[in-house]
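Hi everyone, thanks for coming. I'd like to walk you through one protein today, so please have a look at the screen.

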Amino acid sequence: MAQKIRVGVLGLTHDHVWSNLEALAGCEEGELVAAADLHEELRERFSQRYPQAQVFDDYERMLDAVELDAVYVFSDNLESVELVELAADRGLHAMVEKPMASSLSGAARMMGAAQEAGTILMVNWPIAWSPAVQHAFNLIHQGRIGELYQVHYRSAHAGPREIGCSSYFCDWLYDPLRNGAGAYMDYCCYGAAMTCYLLGLPSRVTATMARLRKRDLAADDNAVLIMQHARAMSTAVASWTQIGHLTSYEPTFYGSEGTILVRGRQLLLADAQHDDGQEIEVPEPPEGMRNSAEFFLSHVRQRKPIEGLCSPEVGLMAQEVLEAGIISAQEGTAVSLPLPVNYLQGWV
């Protein structure tokens with residue numbers, strides 16, 4: 001491998017790409033060398049920011065023309081599956097933006113392609129780089145709140161278009177085929193991933209999805225996902241219609257001996273001595289855990305499989321939960337997990 005890990009970008013339609021590229025630019029391990037996207041405007045925006053990198057209008061042409069070690073995948077949830085497969089076929093490690101795919105079969109194809117090629121696959125969950133969330137996970141693993149029995153996370157805003165997401169991003173977020181659903185796939189995925197990471201695959205899933213306010217959408221704008229384990233239950237709530245940010249983006253973890261609430265960079269812990277909670281000092285993340293670039297590239301350098309929240313195993317479990325929730329919403333009933341093997345069609 002070269003002194004710096006050479007990274008190419010497949011797709012620029014996911015707005016999260018720009019902050020992740022900023023993190024990459026500040027990471028000594030990596031070098032951004034190329035990007036490919038079908039849209040001229042996005043290619044021009046990329047070139048203005050990173051004039052040293054090559055730009056292509058065809059994914060495979062970039063992969064065949066440029067010497068790379070790894071790729072970032074920032075396309076829509078449906079197309080990302082094929083892009084990860086193209087990278088794996090060429091022996092390239094891949095980081096794909098959350099959720100893993102638009103469907104369970106797509107996520108299984110990704111994981112199968114990486115396993116067959118022996119490449120590293122990472123699912124980037126932006127919440128993973130929150131110092132307070134990282135510390136919450138550490139406290140839970142240390143047993144600070146006893147036996148964890150519930151995870152709750154509400155992700156909500158006024159809507160992608162309303163908060164200023166690009167037209168390219170909105171085009172596929174609002175398309176149930178390319179996204180996998182609407183607000184449900186965009187935002188319930190976070191709660192599903194954290195639940196699967198901390199508690200494993202649920203035994204039963206119930207979900208409801210609705211278009212409550214945005215009548216012009218083909219997708220849901222609100223959703224609730226309930227995940228049941230033998231000794232736990234968790235909820236993930238999504239909304240594209242919420243005014244203000246009250247109650248949003250505040251993961252809460254309930255244990256037999258305490259409760260943790262994360263509010264921005266603040267972590268509050270309630271226990272038998274502190275009914276109303278006390279603020280716990282949040283340490284700065286160690287090197288390698290400060291952003292997606294540090295984490296991904298350090299694992300590529302060490303040829304070390306991704307573990308934890310961003311692992312493909314957690315991503316696949318979360319995708320199975322999301323798929324079960326879609327079935328539940330369509331059929332109006334709880335759905336047991338694991339799903340029958342036919343839902344994994346496409347495993348390579």
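I'll go from the overall picture to the sheet, and then to a few single residues.

A word on the ground rules first. This is a predicted model, in which local features need pLDDT of at least 70 and side-chain atom pairs count only at pLDDT 80 or more, while totals for chains, interfaces and linings use all residues. Residues are numbered from 1 along each chain as its sequence is written, and side-chain values use heavy atoms, with hydrogens and water left out.

Let's start with the whole protein. It has eleven helices and 15 strands; helices here are DSSP runs of H or I with at least four residues, strands are runs of E with at least two, and both are numbered from the N terminus. How does the radius of gyration compare with that of a compact globule? For 348 residues the globule value would be near 20 Å, and the protein has 20 Å, which agrees. That radius is taken over C-alpha atoms, and the globule rule is 2.2 Å times the number of residues to the power 0.38. Along the principal axes, the C-alpha trace spans about 60 × 45 × 40 Å.

Of the 348 residues, 58% count as buried, where buried means under 20% relative accessible area, exposed means over 50%, and partly exposed is in between, with a 1.4 Å probe and protein chains only. The protein exposes about 14800 Å², and carbon and sulfur atoms supply 47% of that. Those areas come from the Shrake-Rupley method with a 1.4 Å probe, and for residues only the protein chains shown count as cover.

What about contacts along the chain? Taking contacts between residues at least 6 apart in sequence, 70% join residues at least 24 apart; contact means heavy atoms within 4.5 Å.

On charges, the protein has 25 positive and 45 negative ones, and their mean positions are 3 Å apart. Lys and Arg count as positive and Asp and Glu as negative, without His and the chain ends; each charge is placed at NZ of Lys, CZ of Arg, CG of Asp or CD of Glu.

On to the sheet. Please follow along in this order: β14-β13-β12-β11-β7-β10-β9-β8-β15, an open sheet of nine strands with mixed pairing. Which strands stand at the edges? They are β14 (274-280) and β15 (335-336), each with a single partner strand, so one side of each is left without a neighbour in the sheet. Two strands pair, by the way, if DSSP finds at least two bridges between them. As a reminder, strands of a sheet pair through backbone hydrogen bonds, either parallel or antiparallel.

Let me zoom in on β9. Strand β8 (residues 204-210) pairs with β9 (residues 222-228) in the antiparallel sense over seven bridges, and there Arg 204 stands opposite Gln 228. β9 also pairs with β10 (residues 233-239), again antiparallel and over seven bridges, with Met 227 opposite Ser 234. β9 and β10 form a hairpin with four residues between them. Elsewhere in the sheet, β11 (residues 252-255) and β12 (residues 258-263) are antiparallel over four bridges, and Thr 252 faces Leu 261 across that pair.

Now a residue I'd like you to find: Asp 221, in the loop between β8 and β9. Is Asp 221 buried or exposed? Asp 221 is buried, with a relative accessible area of 0%. Beyond its neighbours within four places in sequence, Asp 221 contacts several residues, among them Ala 183, Arg 211, Lys 214 and Trp 240. Its C-alpha atom is 9.6 Å from that of Ala 158, 63 residues apart along the chain.

For another setting, take Arg 61 in helix α3 (residues 59-65). Arg 61 is partly exposed, at 45% relative accessible area.

Last, some backbone details. A cis peptide bond joins Lys 98 and Pro 99, with omega about -20°, and Pro 99 sits in the loop between β5 (93-97) and α5 (104-117). The bond from Leu 337 to Pro 338 is cis too, with omega near 0°; Pro 338 is in the segment after β15.

Two residues have positive phi without being glycine. Thr 247, in the loop between β10 and β11, has phi of about 75°. Arg 303, in the loop between α10 (292-302) and α11 (312-331), has phi near 55°, and Arg 303 is exposed at 52% relative accessible area.
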